[in-house]
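These are my notebook entries on a protein model that I was asked to examine. I set down what I looked up, in the order in which I looked it up.

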Amino acid sequence: MNRQLSFALLLLLSGMTLALQQSETPARTEASEEAADERSVSVIRVEGTIGPTVYNYITRGLGLAQQRGDEALVIELDTPGGLLNSTQEIVQVMLGSSFPIIVYVSPDGANAGSAGTFITLAAHIAAMAPATNIGAASPVQMGGGEMDTVSRRKIFNFSESFIESIAERRGRNSEWAISAVRDGDAITATEALQIEVIDLIAEDLDDLLRQIDGWEIDDQTLATAGASINRIDRNLAERFFSFILRPEVMLILTMVAIYGIVGELTSPGAIIPGIAGVIALILLLYGVAAMPINVAGFILIAIALGLFVIEAFTPTYGVLLTGGAVSFFLGALMLFQDMPEEMQLSIYWLIPATILTVLFFAWIISYGIRAQYGEHRSGLEAAIGKEAKVVDEIGPDGGRVLFSGEYWNAESSDIIPEGAVCEIVSFRGLKVIVKAKNPSKPKGELS
């Protein structure tokens, strides 16, 4: 009996244990599926030239990805190049980060040129889409403008050592990296994979996440397969300041600042031109602080303004105006010459801007000359030369005239009878000095 009871209890315990195991299995599966669903990757897209706003965008994206606890930050890259200073700052952030950063040159046909080469090599994982390119990282393209022999050698030596250190830090082909700077070499995605410049080629973002699943980055194993994607777009400030830092926009801001301030000075109280000019000047100063603007260009533009102003006060029949036009054109041309080629100002912007500026100041100059030498349009001076009707006979002892509906005490060296028409000569206090209008000649006088 005891044996039967013990056996029954054993069967009951075994059944309960099996039931518990079966009930826990779905829960564990559900928990693992929930953990898989919680995996995420942040993605930012960097297009166009590399500048200060791109640096802010990448650092903000990296911070958000870390706060969310994402598996990694993916930078979708397509750039022809950019500023060397901004590139250095971005690379320093990437090399100093233990959080996985993946650079993916995409979509098909994209390019990681110049500054983009440095950024791609600095990533923990470098990937490219088919039919993309990387390279041509010589400093001439990154710095823009002409360099003398000494400066050129210094910049090349620095850039070569900089990109070599990046490649060695990430275990990539340092020899090719140096040639990308020294010789401007550029290669396709297939060639880059073959010579170990990049880690993989991915058809799209999902393919990229599948391929890197299980990779170890700084003792962290990536679990990216099936992870959700958190896209981080540029915020309003980044979009606005990225727009402001375009060379053609900075040229427009320069013109608005000039026109607005000059317009306010020539027409005090207009308010709107002055406000527009001051705002444009502030935005321009921000751009000058953020970008490598050529100081000589600003000096030439200042000289042009000086010539325009001198022309307004001492007319030289267009000589100074022409000199100002040449100075303005050369200044605007030099203003952005220290930028990469893709960020330099087009001639199609320079010529219309110069013509518009010359026409503006020509109008200001002609307006000023007319104001100086034209007739008075207000005040008592506007009445000089006008006609008045004699109300009481006028002589050296006085009289009265009527003009503009007002009676004035008048005086004249001539005797002007009542009812006659006289001409106003000047004003003395509250008395008007007049003369006879077309006085007749004394009898007997020969013509």
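**Entry 1: strands S14 and S16.** I first looked up how strand S14, residues 406–411, is joined to strand S16, residues 431–436. The two strands run parallel, and 3 bridges join them. I recorded two of the residue pairings: Asn 409 has Lys 431 in S16 as its bridge partner, and Ala 410 stands opposite Val 432 in S16. I note here that the model is a predicted one. I also reminded myself that strands of a sheet pair through backbone hydrogen bonds, in either a parallel or an antiparallel manner.

**Entry 2: the other partner of S16.** I then turned to strand S15, residues 421–428, which pairs with S16 in the antiparallel sense over 6 bridges. In this pairing, Ile 424 stands opposite Val 434 in S16. S15 and S16 form a hairpin with 2 residues between the strands, and Gly 429 takes a positive phi near 65° there.

**Entry 3: the barrel.** I next asked in which order the strands of the barrel close. The order is S12-S13-S14-S16-S15, a barrel of 5 strands with mixed pairing. From one strand to the next, the twist averages 50°.

**Entry 4: Ala 410.** I then listed its contacts, leaving aside neighbours within four places in sequence: Ile 394, Gly 398, Gly 399, Arg 400, Val 401, Lys 431, Val 432 and Val 434. I also looked up Ile 424, which is 14 residues from Ala 410 in sequence and 9.3 Å from it in space, C-alpha to C-alpha.

**Entry 5: the open sheet.** I moved on to a sheet of 6 strands, which is open and has parallel pairing in the order S8-S5-S3-S2-S1-S11. Its edge strands are S8 (200–201) and S11 (228–231), each of which pairs on one side only. Helix H2, residues 52–68, packs on the sheet and touches strand S1 (40–47), strand S2 (73–78), S3 and S11. The direction of H2 makes about 175° with that of S1. Within the sheet, I examined strand S3 (residues 101–105) and strand S5 (residues 125–128), which pair in the parallel sense over 4 bridges. Tyr 104 has Ala 127 in S5 as its bridge partner.

**Entry 6: two helix residues.** I looked up Glu 160 in helix H6, residues 149–169. Glu 160 has a relative accessible area of 13% and is therefore buried, the limit being under 20%. Not counting residues up to four places away in sequence, Glu 160 touches Ile 178, Val 181 and Arg 182. I then looked up Ile 351 in helix H15, residues 347–373. At 42% relative accessibility, Ile 351 counts as partly exposed, because this value lies between 20% and 50%. Ile 351 belongs to a nonpolar surface patch with Ile 347, Tyr 348, Ile 355 and Leu 359, and together they have about 540 Å² of accessible area.

**Entry 7: the protein as a whole.** I finished with the totals. The protein has 15 helices and 16 strands, and 41% of its 447 residues are buried. Its accessible surface comes to about 24,200 Å², and 58% of this belongs to carbon and sulfur atoms. Of the contacts with a separation of 6 or more, 64% are between residues 24 or more positions apart.

How values were computed:
Residues numbered from 1 in each chain as written. Predicted model: local features only at pLDDT ≥ 70, side-chain atom pairs only at ≥ 80, totals over all residues. Heavy atoms only, no water. Pairing = 2+ DSSP bridges. Axes fitted to C-alpha atoms, helices over the stretch in contact; angles between N-to-C directions. Contact = heavy atoms within 4.5 Å. Patch = residues over 30% accessible without salt bridge, like charges linked within 9 Å, V, L, I, M, F, W, Y side chains within 5 Å. Areas by Shrake-Rupley, 256 points an atom, 1.4 Å probe, with all protein chains shown as cover. Salt bridge = Lys/Arg side-chain N within 4 Å of Asp/Glu carboxyl O. Buried < 20%, exposed > 50% of the residue type's maximum accessible area, 1.4 Å probe, protein only.
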